[in-house]
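Dear colleague,

Please find below the structure that I am handing over to you. I would be grateful if you kept it open while reading the notes that come after it.

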Amino acid sequence: MLIGGELVDGRGTFDNINPATEEVLGAVADASELDMRVAIDAARRAFDETAWSTDHAVRQRCLLQLQDALESEREELREELILEAGCPRAITMGPQLDAPLADALRYPAELIDSYPWRTSLGDALVSVTGVHTTRQVWREPVGVVGAIVPWNFPFEVTIHKVGQALATGNTVVLKPAPDTPFNATRLGRLIAEKTDIPPGVVNVVTASDRLVGEELTLSGKVDMISFTGSTAVGKRIMAKGAATMKRLFLELGGKSATIVLEDADLALGCMMGIAPCMHAGQGCANPTRLLLPRSRYDEGVAILKAMYEGVAPGDPQDPATLCGPVISDKQRSRIRGYIRTGIDEGATLLVGGAEQPKGFDRGFFVEPTLFVDVDNSMTIAQEEIFGPVLVVIPYDDEDDAVRIANDSPYGLAGNVMSGSVEHALAVAARLRAGFIGINGTAGYGADTPFGGYKASGVGRQNGIAGFDQYTELKSIAFPAV
């Protein structure tokens, strides 16, 4: 672990498991609650007693040093992610590694120079004082940030959180998921060995006990929690953090819908239906509900059936693999339970659903599964499965499609497929979700805010909005000259 600028051991170790083979990859330092408190204290001192929070030039230089350090071990990091996250090699070429590595640090480092740290409101005669006054608004770092990261896209989430939190002058205690710790410990080592980031500015604490991370939520020395994960855990963080009035960024679950409009290219529209197979469906923004017009429903279902029959789980090391393993036996059991529930509630299981895919005696694999004739009130249409499962829902007209898409506790993402971009944008404007793609596009990038409505979270990752949330506002007034 990295605590207070030192690479240290924990109270013991725990195993990091390869989800594709169930083999032990290696041992990881296992932190205690005391270790976490020591890390919090180190971050607090670094914020309160060093120039990190005020020295823009140092922050920028250190972020670019970290960029260079990560680039120097890109391929080692790629292999590590394939092994510990079970992510297919092809996906590391995109959102799992190469895409965030391209701009997650560079964008906030560059933004340091142009960000409106101090904004003038001009001079005015303030009525309550009768004094001609100059007024300004300052933006300053929040303080100590507890960054809690999930296992599905661990590096992608980590580097976006760390990049923006550090660029804005905060110090960080990073708590990776116990399922995927190696990418985080690598980050900690690179910070210690190859950057001038001062001791305590970044701390990396690994633990098998997920409640060790709750020290971040409970501690009065931590000013903000930046969490990506399930809505259930997000609600717990919100409740536990209330006692110390934590600032919160919560990027939570989703049950995103793709609306295929009647004027869409049906084959292209149905291509979005294969998205839940990517990385075995372990993506919060995955479009796991596909809405087809009744007038073209049978044709669309036939296209989807052929697609799903052509997709099988595969070795994540194979560049051709789209659907690798899920992260653990617990997660596999959870997905199987949802498949059984879908059958019990009357949905039609058209493809997949086998307890154990053929050819896999080991590894946490789930067969890509297609449900059709689904009612949006069913459990499999309302709850986040986080596996390679698509539900297909018919709709009567455009108003019905929008109603169904919005009839969800979540509001993270969505897609609209249409022969007219203008038409698709009009429908997108009616959707209660934070991240909408038109005709298969996605606005992903460090400059693009990402997050959701309703139970999908609070705040946004990335962009100016993401930068803003790691700052506090201070209004300043002084006599005008």
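The notes below go through a sheet and its helices, a hairpin, an annotated residue and the cysteines. Please bear in mind throughout that this is a predicted model.

I begin with the open sheet. Seven strands form it, in the order β14-β15-β16-β13-β12-β18-β19, and their pairing is mixed. Strands β14 (348–351) and β19 (435–438) are its edges, each pairing on one side only. On average, neighbouring strands here are turned by 25 degrees against each other, direction ignored. At one end of the order, β18 (residues 413–417) pairs with β19 in the parallel sense over four bridges. Within this pair, Asn 415 stands opposite Gly 437 of β19.

Helix α13 (residues 329–344) lies across β14, β15 and β16, and runs at about 25 degrees to β15.

Next, please look at the hairpin of β5 and β6. Strand β5 (residues 118–126) and strand β6 (residues 131–141) run antiparallel and are joined by eight bridges. One of the pairings links Thr 119 with its bridge partner in β6, Val 137. Four residues lie between the strands, and Gly 130 takes a positive phi near 70 degrees in this hairpin.

I turn now to Glu 251. An unreviewed UniProt entry places the feature "active site" at this residue. Glu 251 is located in strand β11 (residues 247–251). Is Glu 251 buried or exposed? Glu 251 counts as buried because its relative accessible area is 4%, and the cut-off for buried is under 20%. Leaving aside residues up to four places away in sequence, Glu 251 touches Phe 227, Thr 228, Gly 229, Cys 284, Leu 412, Phe 450 and Ser 456.

Finally, I come to the cysteines. How many disulfides does a search of the whole structure find? The search finds zero. Cys 87, for example, is in no disulfide, and its nearest cysteine sulfur, that of Cys 323, is 13 Å away. For Cys 270, the closest cysteine sulfur is in Cys 277; the two sulfurs are 13 Å apart and therefore too far for a bond. Cys 87 is buried, at 0% relative accessibility, and Cys 270 is buried at 0% as well.

With kind regards

Technical notes:
Residues are numbered from 1 along each chain as its sequence is written. This is a predicted model: local features need pLDDT of at least 70, side-chain atom pairs count only at pLDDT 80 or more; totals for chains, interfaces and linings use all residues. Side-chain values use heavy atoms; hydrogens and water are left out. Two strands pair if DSSP finds at least two bridges between them. Helices (H or I, at least four residues) and strands (E, at least two) are DSSP runs, numbered from the N terminus. UniProt positions are given in the numbering used here, feature names are shortened, and annotations may be inferred rather than shown by experiment. Buried means under 20% relative accessible area, exposed over 50%, partly exposed in between (1.4 Å probe, protein chains only). Contact means heavy atoms within 4.5 Å. A disulfide is a pair of cysteine sulfur atoms within 2.5 Å. Axes are lines fitted to C-alpha atoms, for helices over the stretch in contact, and angles run from 0 to 180 degrees between N-to-C directions.
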